[in-house]
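I opened a new notebook page for this one. My plan is to look up a few places and jot down what turns up.

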Amino acid sequence: MKTINKIFTLSLIAALGFLQSCNKFLDVNPDMRTELNSVEKVAELLATAYPQASYITFTEAMTDNAGDKGAGTVEIINSAPYRFEDVADINRDSPTNYWNAAYAAIAAANHALEAIEKAGDDPAYRPYRGEALVARAYAHFMLVNFFAQPYDATTAATNPGVPYVTEVGKVVIGKYERSTVAETYNKIEKDLLEGLPLLDNAAYKKAPKYHFTVSAAHAFATRFYLFKKEYEKTIEHADQVFVGGDIASNLRAINSEAYRSLQYYELQAQYTRAENPANLLLAEAPSVWGRNYAFYRYSLTNDILNELFTTSNVTDGSWAYNIYGRETTLNIPKFREHFVRQTLNAETGIPYNMVPLFTAEEVLFNRAEAYAELSRFDNAIKDLNDFASKRIIYSFSIPIYVPELHNITDRKLLAFYKTADLKRATIQCVLDFKRVDFIFEGQRWFDIIRHKLPVTHKTSDNETLVLGVNDPMRVFQIPQEAQSSGIELNPR
């Protein structure tokens, strides 16, 4: 393994489950796959059934949340996505790294499922079978939405999907087909619906926020069905995330005195704490995003800051977020880095970020959008008001939410968005609120591909870059080395 190309080829094969000794998760945990003869060992292996990689760096830079500051840290994982170019990097925070990590997670889930099948009908394995199935579904869902066209009922049956791997690899190099987006989605849904009823929160008492609990799995289902435009199912699953469908009381109270009094590093820690009820599923990922996102050249600019946070919004109130930094370092503290030294006294090591995969905020937004699509506007507006009540203040000198002034109504929506179409206005409000709340988290990319929104980037050299709705660069490129497994590349 003396050349980058060879290292990459081996890492890809490992991620697909073909080369056991190089699999990333086995570098951390002992190789128990020939000894998965207990519930405890299966449960331990499933801790690695979640992609140990971050997608935020390459998705955030592709969105309209990023501008060119003209100065700052320049790395290809940030600059290439901003320019709508393929990322010629295989390391952490790159699309290739996410591809490898997702298939490594799938391999772990498949090994667990194989061990559970060999164990017979032992009911003790039931929740872990559920977790393995839902985790496998999640990893494939993320892959198909990064490396294939977004789901569209009119084209899903012909657009190439991603390989859906359901068996443990037995050979060094095998042949895999991409199938179609429709087939990929059908398999995701099958795993999700088969796994969800098997889950039991009692199995995750030690660290529930790092596993697919019942709540986290329902949250995943809201995203899945929103992509499929099956809105009744989106609502059905959203209502099951919290007892009684109560999402509001589990949202982050950003406008509360307690939250606003936190200092920078306290805010960093609070945002991704497992004890925070808004966090439904967290994953640890090797990443430099937390240390770099405020300093990247292609990130939040003053113009975008003013567009999102300073200009008026439909509530007529002000956003309560604490924004730090100056022109080239603007940020909202969300990620506290955990640096793991190679040895006790070493200066080198691996930086980790805790990434919120599913949150109460997303569930509420998914439900509100589904309500709007079904013309159930009272319900959608209630969800939006529940969110606003945790984010809006009168002003920074009067940091309180005043329902009589700030509550959203259908009239406010129509007037603010200058339209007579209440559905259009309500959905736009959902997307606008999401864009503000999930800034620096990469989530905006999902709305851009779902709603086929164009993106325009300008450089400090006055170059205008446009990512049109049919631009092939909206789909991230599959790693070149995947061709050895028969996987066709995306058009360019």
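This is a predicted model: local features need pLDDT of at least 70, side-chain atom pairs count only at pLDDT 80 or more; totals for chains, interfaces and linings use all residues.

**Entry: phenylalanine 146**

With that cut-off I looked up phenylalanine 146. Skipping neighbours within four places in sequence, I found phenylalanine 146 in contact with Tyr55, Phe58, Thr59, Tyr98, Trp445, Phe446, Val475 and Phe476. I then checked the nonpolar cores. The largest one has 138 residues, and Phe146 is listed with Phe212 and Phe220 as having the most contacts inside it. Which helix gives this core its largest share? I noted helix 6, with 14 residues. There is also a second, separate core of nine residues, and I wrote down Tyr231, Ile235, Ile427 and Leu431 as being among them.

**Entry: helix 5 against helix 6**

The axes of helix 5 (residues 95-118) and helix 6 come within 9 Å, and they cross at roughly 155 degrees. An angle over 145 degrees counts as roughly antiparallel, so I put helix 5 and helix 6 down as roughly antiparallel to each other. Their crossing is left-handed. On the helix 5 side, the contact includes Tyr98, Trp99, Tyr103 and Ile106; on the helix 6 side, it includes His140, Leu143, Phe146 and Phe147. I sorted the contact residues by class and got 19 nonpolar, two polar and two charged.

**Entry: histidine 140**

Next I picked histidine 140, which sits in helix 6 (residues 126-147). Is histidine 140 buried or exposed? Its relative accessibility is 0%, so histidine 140 counts as buried. Leaving out neighbours within four places in sequence, I listed Tyr103, Ile106, Val162, Pro163, Tyr164, Val165 and Ile188 as its contacts.

**Entry: proline 163**

Proline 163 is in the loop between helix 6 and helix 7 (181-195). It counts as buried because its relative accessibility is 0%. Not counting residues up to four places away in sequence, proline 163 touches Trp99, Tyr103, His140, Tyr176, Glu177, Arg178 and Ile487.

**Entry: helix 15 against helix 18**

Then I turned to another helix pair. The axes of helix 15 (residues 377-388) and helix 18 (residues 422-437) come within 11 Å and cross at roughly 25 degrees. Angles under 35 degrees count as roughly parallel, so I noted helix 15 and helix 18 as roughly parallel to each other. The crossing here is left-handed. Helix 15 brings Phe377, Ala380, Leu384 and Phe387 to the contact, while helix 18 brings residues including Leu422, Lys423, Val430 and Asp437. By class I have eight nonpolar, one polar and two charged residues.

**Entry: asparagine 322**

Last stop was a loop. Asparagine 322 lies between strand 4 (318-319) and strand 5 (338-341). Which residues does asparagine 322 touch, not counting those up to four places away in sequence? I found Arg260, Leu267, Asn331, Ile332 and Pro333. I also looked up the C-alpha atoms of asparagine 322 and proline 277: they are 45 residues apart along the chain and separated by 20 Å.

Note on methods. Residues are numbered from 1 along each chain as its sequence is written. Side-chain values use heavy atoms; hydrogens and water are left out. Axes are lines fitted to C-alpha atoms, for helices over the stretch in contact, and angles run from 0 to 180 degrees between N-to-C directions. Helices (H or I, at least four residues) and strands (E, at least two) are DSSP runs, numbered from the N terminus. Angles under 35 degrees count as roughly parallel, over 145 as roughly antiparallel, 65 to 115 as roughly perpendicular and the rest as oblique. A crossing is left-handed if the near helix is turned anticlockwise from the far one by less than a right angle, and right-handed if clockwise. Contact means heavy atoms within 4.5 Å. Ala, Val, Leu, Ile, Met, Phe, Trp, Tyr, Cys and Pro count as nonpolar, Asp, Glu, Lys and Arg as charged, and the others, Gly among them, as polar. Buried means under 20% relative accessible area, exposed over 50%, partly exposed in between (1.4 Å probe, protein chains only). A nonpolar core is a set of buried Ala, Val, Leu, Ile, Met, Phe, Trp, Tyr and Cys residues joined through side-chain atoms within 4.5 Å.
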